[in-house]
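Subject: Structure handover

Hi,

Here is the structure I said I would pass on. Please open it alongside this note; my findings follow below.

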Amino acid sequence: MTEVADLIVTGSMIRTADRTNPVVEAFAVRDGRILAVGSPADIERFRGRRTRMLEVGDAAVYPGFVDVHNHHALAGRTDLFELSLPPSLTLDEILDRVREKATTLPEDAWIVGGAVPTTLLPDLANTSSRLRLDEAAGGRPVVLVEDSRHNRWANTRALELAGITAGSIPSSGVTMLDPDDGTPTGVLLEAAGIPVQEAYDRSGGLTPAQHAAASRRGVELLNSFGITTFQDAGVSIDILQALADLDRADELHAWVVSSLLINDEIFGVDPIGEPLIARGEEFRTAHHRPDFVKIFLDGVPPARTASFLEPYPADAAHGAHFHGETTMTFDELAGWLRAVAARGLGAKVHCTGDGSARLVLDVAEALRAEGITTPIQIAHGQFLADSDIPRLHALDVSADISPFIWYPGVIPQALADVLGERAEHSQPNRALIDAGALVAGGSDWPVSESPNTLEGLQGLVTRADPLGRAPGVLWPEQAITAEEALEVFTINAATAMGLAAETGSLAVGKSADFVVLARDAIAGPADEIVHTEVISTWFAGREVYTR
């Protein structure tokens, strides 16, 4: 007896991201799963009296977009509870926003938010700028993250509450001091900002209900861009609990893979490492998979905390032979990855320099020789030595790429300021795909201003800023095709996350996760992809967003 579909979708252009059947005109859904794909005539036999018909006509249907790297709860928290600053503001504009926010808060309330542009940090690293922030806040403690989310700018009251003084400098990261009076400026690089985060948490931080609201809001925003699957690149117990609670209440409208922090260079959460990993299974639900760990192996190039094979250009602080450093040695990284593999988990490893990427590949080579097959993602991987590119395929290491933060704009300019001509040769995506590597797309939102997958698709194809905010192109020889870009943000990303059996393409047996677009975005002019409207987003056969 033929099964009756709950939903049948028909349209002139349904892209499946399944190379065996790339374009169809209909599919049927039952109990949230795809029952059949094919022509309208093929699917008609699954139609019953109560079957819902979704006829999209000339609109296009794609698999739900998959984002392999974001921080959904941080974005939701900023949207709901913090001071949201576009990273294009000047110092005067930032201070005006802080001043305006301060008028709405009690005298001792924290002002938390961001993002401050990376390129502005040198202008903030002085006592005068810190005192201006004090005045704007009316004495309230302030901490603002910069656009990479690795660094912070805090005012005097926040530094006091964190115990940071000229005589008490954080042991990790870099605390920028005023060159004239020697006092902390409030510019805190990498882990130097964690004491300020801890001071905020001691003041109360967010309640469990607010953490749940932040996650819910983050997922809502992702759904609005057609995203139905994502990997959060660094979670706390609070985020794990929020995701599990949402799913148990049937309110989590996405597949989520969480990355449990092994080390924490920027977030300031507790616990991390083994105590956090040991608790991961408590939070596993139908759609929430705590299946990865997150390792920060280096920092970011603008702060000279990324690890490179060739030295940075000489400067007064580091000399002429400084390469940056990794947070772990070969043996330490190998030890963690063996322990992770023993638990059946994968690893997302943050590498923004080619030196840290080389270390991951060297460790992966040793582990593969031992028969350890645990999934490994090189997160960002924006700089790779030519000789290392073929190794990703050979060692089954996937490339987690974020085109949102490398096409011409603020962050690439900050890279150029530090790396010079090297910055012009980042994100070798054409070479990676040609070498057979699995390239998976992520937004790194809210490091990027938006998680809009269409921006990522266009950036991969044009190597230019999809929104026209900055001129020029970045290493155009590394452009990929629009069809390849769609795979990067669907089936490739799902595969890298361990969810290829569940989602990432429109194929029989998979979750009915799809997005309806106003037109076939990737078929038209490449510079128009981003202007395609999301009409609706569907997760497990249910409409979770409509314009």
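Start with the salt bridge between aspartate 31 and arginine 30, whose closest N and O atoms are 3.9 Å apart. Keep in mind that the model is predicted. Aspartate 31 is exposed, at 62% relative accessible area. Arginine 30 is partly exposed, at 30%.

Now take a second pair. Glutamate 82 and arginine 77 form a salt bridge, with 2.9 Å between the closest N and O atoms. Are these two buried or exposed? Glutamate 82 has a relative accessible area of 12%, which means it is buried, since the cut-off is under 20%. Arginine 77 comes in at 18%, so it counts as buried too.

Salt bridges link Arg358, Asp362, Glu365, Asp388 and Arg391.

Next, the strands. Six of them make an open sheet with mixed pairing, in the order E7-E8-E9-E10-E12-E11. Which strands stand at the edges? They are E7 (83-84) and E11 (174-177). Each has a single partner strand, so one side of each has no neighbour in the sheet. E7 runs parallel to strand E8 (residues 111-116), and two bridges join them. Leucine 83 has glycine 113 in E8 as its bridge partner.

A helix packs on this sheet. Helix H5 (residues 127-137) touches E8, strand E9 (142-146), strand E10 (151-154) and strand E12 (184-189). The direction of H5 makes about 65 degrees with that of E10.

Helix H3 (residues 91-102) is worth a check of its geometry. Its 12 residues, at 1.5 Å a residue, should span 16 Å. The buried residues of H3 are Leu91, Ile94, Leu95, Val98 and Ala102. Where do they lie around the axis? Viewed down the axis of H3, the buried residues fall within an arc of 95 degrees, so they line one face of the helix. Their cover includes E7, E8, helix H4 (121-124), H5, E9 and E10.

Last, some pairing elsewhere in the chain. Strand E1 (residues 7-15) and strand E5 (residues 60-63) run parallel, joined by two bridges. Here methionine 13 stands opposite alanine 60 in E5. E5 also pairs with strand E20 (residues 514-517), in the antiparallel sense and over four bridges. In that pairing, valine 61 stands opposite valine 516 in E20. In general, strands of a sheet pair through backbone hydrogen bonds, either parallel or antiparallel.

Best wishes

Methods. Residues numbered from 1 in each chain as written. Predicted model: local features only at pLDDT ≥ 70, side-chain atom pairs only at ≥ 80, totals over all residues. Heavy atoms only, no water. Salt bridge = Lys/Arg side-chain N within 4 Å of Asp/Glu carboxyl O. Buried < 20%, exposed > 50% of the residue type's maximum accessible area, 1.4 Å probe, protein only. Pairing = 2+ DSSP bridges. Contact = heavy atoms within 4.5 Å. Axes fitted to C-alpha atoms, helices over the stretch in contact; angles between N-to-C directions. Expected span 1.5 Å × (residues − 1). Arc of directions from axis to C-beta.
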